[in-house]
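Below are my notes on the ligand site and the chain contact. Please read them alongside the model.

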Amino acid sequence: MELKEKFISSFLAVDDYLNEDSVLHDIRSAAIKNFEASGFPTKKSEAWKYTSLKSLLHNDLSIFPRQEATVEFKDVRKYFLHDLDTYKIVFVDGQYSAFLSSTTHEGMDVCLMSSALTKDKYKAVIENYFNKVAPQDGLNALNTAFAKEGAYIYIPKNKEVEKPIEILNFYTGAESSLMLQPRNLVVVEENAQVQIIERHQSLSGHAVVTNALTEVFVSQRAQVDYYKIQNDRPEASLIDSTYVKQDRDSVCSVHTFSLGGQLIRNNLNFYQHGANAMSIMKGITLIEGKQHVDHNTLVHHIAPNCESHQDYKGVYDDNATGVFNGKIYVEKEAQKLNAFQQNNNILISDKATINSKPQLEIFADDVKCSHGCTIGQLDEDALFYMRARGINEKEARGLLMYAFANNVLESVKIPELKKRINRLIALKMGVQIGFDL
Amino acid sequence: MLNIKNLHAGVDQKNILKGINLEVNPGEIHAIMGPNGAGKSTFASIIAGKEDFEVTQGSILLEGEDLSDLSPEERAHKGVFLSFQYPVEIPGVTVTNFIKTAINQTRKAQGLEDMPAGEMLQKIKTVSEMLDIDRKFLSRSLNEGFSGGEKKRNEIFQMAMLDPKLAILDETDSGLDIDALRIVASGVNKLRNEKNAVIVITHYQRLLDHIVPDFVHVLMDGKIVKSGTKELAYELEEKGYDWIKEALK
Ligand SMILES: Nc1ncnc2c1ncn2[C@@H]1O[C@H](COP(=O)(O)OP(=O)(O)OP(=O)(O)O)[C@@H](O)[C@H]1O
Ligand SMILES: [Mg+2]
């Protein structure tokens, strides 16, 4: 039996035991039908031209673990931002870990998708927002059909969340062939503010595939800063799809740090439904070996006076491959738009490759749109200059790569996180840098 | 201190340096002048260890030690400093962070601990005041968007911070206005002592009024074709290079 058929037939079994209300039940039934119709994406589709899931999607994959795994805090401590007080929503092999988490219901909800999906008090929010912005085909449909756990974050009007929220997904490898389906919902009401850090981390050398789906709703004048740390083992793969719907005067930023994994595919989509909305997408990709990172972004400008900024930097070593596919779609109502897209890459090895493709579709006439893409090597003259001042070659290379990525880090608003990313990058470069950028 | 014998070097099949001999002793200042394309910058960057050029013959000794197998950074650690004719822009690294890294890497290579932060700050303050450099300047990205003169002044700032044994100043005067020239030259003079040495490469005698050389060499077509004292610079200023070419024929 093919993987697709296997999943479809296992849906029937799960469907019974989830025992959800009819609204959710209908959503899931529709989703599995959509999945049946569209299946997994293949290289035949334009959006997946440079990224093949074929080698990941083998028939042993299953969606739910058969046994419950536990981890000890000491084994995962380093993956938390331990020098900072945060809310934590933690999952181990897709199951909630109450012991590692620190959630809240005081003046907001920072908790679990499984309770939100089943408890009456969340019903209104779920009906209004769940599955309302993510298009329903292929991998999204698969996630919708099966997702039962993830982060549920609801921030009411005028609430400024005082500390960041960490969403951590650990994978133990106790079962070797899981395809996890985490599902997050973030609803931020008018004039509220929140910062979120999401991380997927495999704890063993087993292959795992995560098909994560996150929906974010940013109401008027609200602000969301979302950070994704993708620094997994070289056996772990992640498909991370994020859909952000913004109302007027809202600001949302997503920083993606792709520093490790076998295959990472980021689908990052913004829909600007209100005037004066601002969307910021930034990324640093730093990979080696046979790793593959694909950034697929979309900004859909629907309202006037909006802005979008995209700035992605990539450094590729060995046989690593990268893809940047950035689409800006401007409706004719989206006048006075300022859209900016930049993708700069450094290929350290001559076997590394990057495919960078901007796509602009503009139907408004009074807009400012710019995009640029560069692919190059490290500047040899700069290297000699630095070495002639006494900086060792390795450090000089590291420093140049740091400098290259620097402006993406600059906009990280959580100093502890910035420091952490700095350190991760230094570690990857094998350099010691005597200062933080 | 610096002992160069019969240095031949080039790139690909092209010979650029064709047998240079030069001896520089501690405490001395040597000026190198010569027409465009003569090989002055090539000579300077070969001493600093630029690997693009291949040394085909001859030797470069620093305090008796052959430099040929040393990387640029190892030469820097031994006290060689090159002020670039065209300083390179390094976006994303501030002047301060760059010089801190350079100093501490050099100290590390010499088996020393990092310079204490307070001492570093004090040194930066003293040197930037000496060279009349605005503090704001130091938090800008290195050389990025600097004017020609600012870049040159910044090279001398780094030189003063690193306090080298042998400083090679490649056309540091070009791009400097008259006041800046005086400030930079007096900075260089303040750093001089009986243990270090300076090689200044320049097209203009004017600089040599401020940094007074013990010897002036004329480099033409990859060779030092004439050496003299500071009076030679006046002669060149007045008569150009043709008379030397003629005399060589
Ligand atoms: N990488 C290179 N490849 C080929 N030719 C080179 C290279 N570097 C230098 N040259 C050539 O070597 C010669 C000497 O160049 P160099 O820069 O040393 O001259 P210079 O004396 O410093 O001149 P200027 O007074 O204009 O600064 C020139 O003809 C130059 O074109
Ligand atoms: Mg020159």
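1. A polar side-chain atom of Lys40(B) sits 2.8 Å from an oxygen atom of ligand 1. For Thr42(B), a polar side-chain atom is 2.5 Å from a ligand 1 oxygen, and a polar backbone atom of Ser41(B) is 2.8 Å from one. The protein covers 64% of the 640 Å² of accessible area that ligand 1 has on its own (Shrake-Rupley method, 1.4 Å probe).

2. This is a predicted model, in which local features need pLDDT of at least 70 and side-chain atom pairs pLDDT 80 or more, while totals for chains, interfaces and linings use all residues. Residues are numbered from 1 along each chain as its sequence is written, chains are lettered from A and ligands numbered from 1 in written order, and side-chain values use heavy atoms, without hydrogens and water.

3. The shell around ligand 1 holds 15 residues (a heavy atom within 4 Å). Its largest share, three residues, comes from α1(B).

4. Between the chains, 21 residues of chain A contact 33 of chain B (heavy atoms within 4.5 Å). Together the two chains bury about 2200 Å², 61% of it on carbon and sulfur atoms (accessible area lost on being put together, 1.4 Å probe, summed over both). On the chain A side, Phe384(A), Tyr385(A) and Arg389(A) lose the most area, together 37% of what that side buries.

5. Four salt bridges link chain A and chain B (a side-chain nitrogen of Lys or Arg within 4 Å of a carboxyl oxygen of Asp or Glu). One salt bridge joins Arg387(A) and Glu73(B), at 2.6 Å, N to O.

Note on methods: Polar contact = N/O pair within 3.5 Å; in protein donor to acceptor, adjacent residues only side chain to side chain. Helix = DSSP H or I, 4+ residues; strand = E, 2+ residues; numbered from the N terminus.
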